[in-house]
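Dear colleague,

Please find the structure below, followed by a short account of what was found in it.

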Amino acid sequence: MVTPLQLDPTAIANGVNNVWILVVCFLIFFMQPGFALLESGQVRAKNVGNVLMKNMTDWTLGVLVFFIVGAAVSAIVGMITTPGLSLDIGSAFAYINDPSAYIGWFFGAVFAMTAATIVSGAVAGRMSYKAYVFVAAAMTAVIYPAMPGVAWGGSGLISGAGYLGQVIGVGYLDFAGATVVHMCGGIAGLVAAKLVGARKGRYDENGNSQAIPGHSMLLAVLGTLFLAFGWYGFNVGTQATVLTAEGEFMGAALGRVVLNTTLGMGAGGVAAMVVSAAWQGKPDPLWTANGLLAGLVAVTGAVPHVTWWGGILLGLIAGALVLPTFRWVVDSLKIDDVCGVFVVHGSSGAIGTILIPVFAAPGVLSAGVGTHLAMQVIGVAVIGIWTVLASI
């Protein structure tokens, strides 16, 4: 008599989901060469070596720092900002000697490296490498790790279980890190660019900005497309459960995420192309590329929460604002943000995340639109204030 093969459905589901997480982490890692190409193309040829060293340092030093301390900081922040949880330092560092936690740690690490790498684009062309080593360490040890600590993992200040979440009655919505990752990196980059100062020749004796063109539009646009490719891992991969223990394939959830990611990307690029054509007389490939990325950032926190037309509108809004917001930063604030990281990652992340309740799909909101809007605004303020103060 042949004994039927006994398979544990939960074990199969866990195996599939963990392999899925690893695959998407590899996709997210592919954003690193995207950042390297994008930033290298937007600086002068003489600065390319410095930019590439900073990008490699974000990953090499960053993963070490995030493993030794950063991931634990996230857990500690979650503990101390959630009522009913006590501070347990041992538990926060338990992942270090727990092989079953390593895949989850790696998933968190690739997000942390993305936040850190954003900063280098803002200070390109005039920040010494030695100083940037400290920036990369600080971003991956404390500045970024505090953000998932307050918002993700079912605990933290602005989660539904956190102090602010309980007061307001709802949790903060940011699915894949439009603000937790991208706005944090964008604001940190803006602060760094302000404190370091502008490149020589960026402003004339009257304070008027002077263009310093990058040396390769090709590298910048290729880097943009590499980032867009990796972004599918970033957004779709955050839908970490693809197969339930009951054997259900989460196709609808994955489909909404991938659709809104794609529509937001397309709408952002089109909007920036149209605005740049109206502003400058012809469409500009670099502004179109930045609009594409801004659209992606705007929907990153929203992809499972909003309708398909909401994804398009978020991308359109973010893409349309790229050029005017950049001019405001450079001309009015007098901040030399070389790669426009604040408008692409900072303001786009904030706008897209705040507007989630306005475009929410049926059944997403647990309370009224006004209540969720209040939580979104407060959450963006918490993340923004922390990032400014910590970066300074």
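A cavity here is a set of points, on a 1 Å grid over the protein atoms alone, where a 1.4 Å probe fits but cannot get out, and its lining residues have an atom within 4 Å of a point. This is a predicted model, in which local features need pLDDT of at least 70, side-chain atom pairs count only at pLDDT 80 or more, and totals for chains, interfaces and linings use all residues. Residues are numbered from 1 along each chain as its sequence is written, and side-chain values use heavy atoms, with hydrogens and water left out.

The largest cavity is lined by Phe35, Leu38, Glu39, Gln42, Ile118, Asn290, Leu293, Cys339, Val341, Val344 and His345. At least two lining residues come from each of helix 2 (31-41), helix 12 (285-300) and helix 14 (341-354); helices are DSSP runs (H or I, at least four residues), numbered from the N terminus.

Helix 11 (251-280) and helix 13 (308-332) each supply at least two residues of the patch, and helix 13 gives the most, with six. Leu316 lies in helix 13.

With kind regards

Terms used: On a 1 Å grid over the protein atoms alone, a cavity is a set of points where a 1.4 Å probe fits but cannot get out, and a pocket is an open set with protein on both sides within 12 Å along at least five of seven lines; lining residues have an atom within 4 Å of a point.
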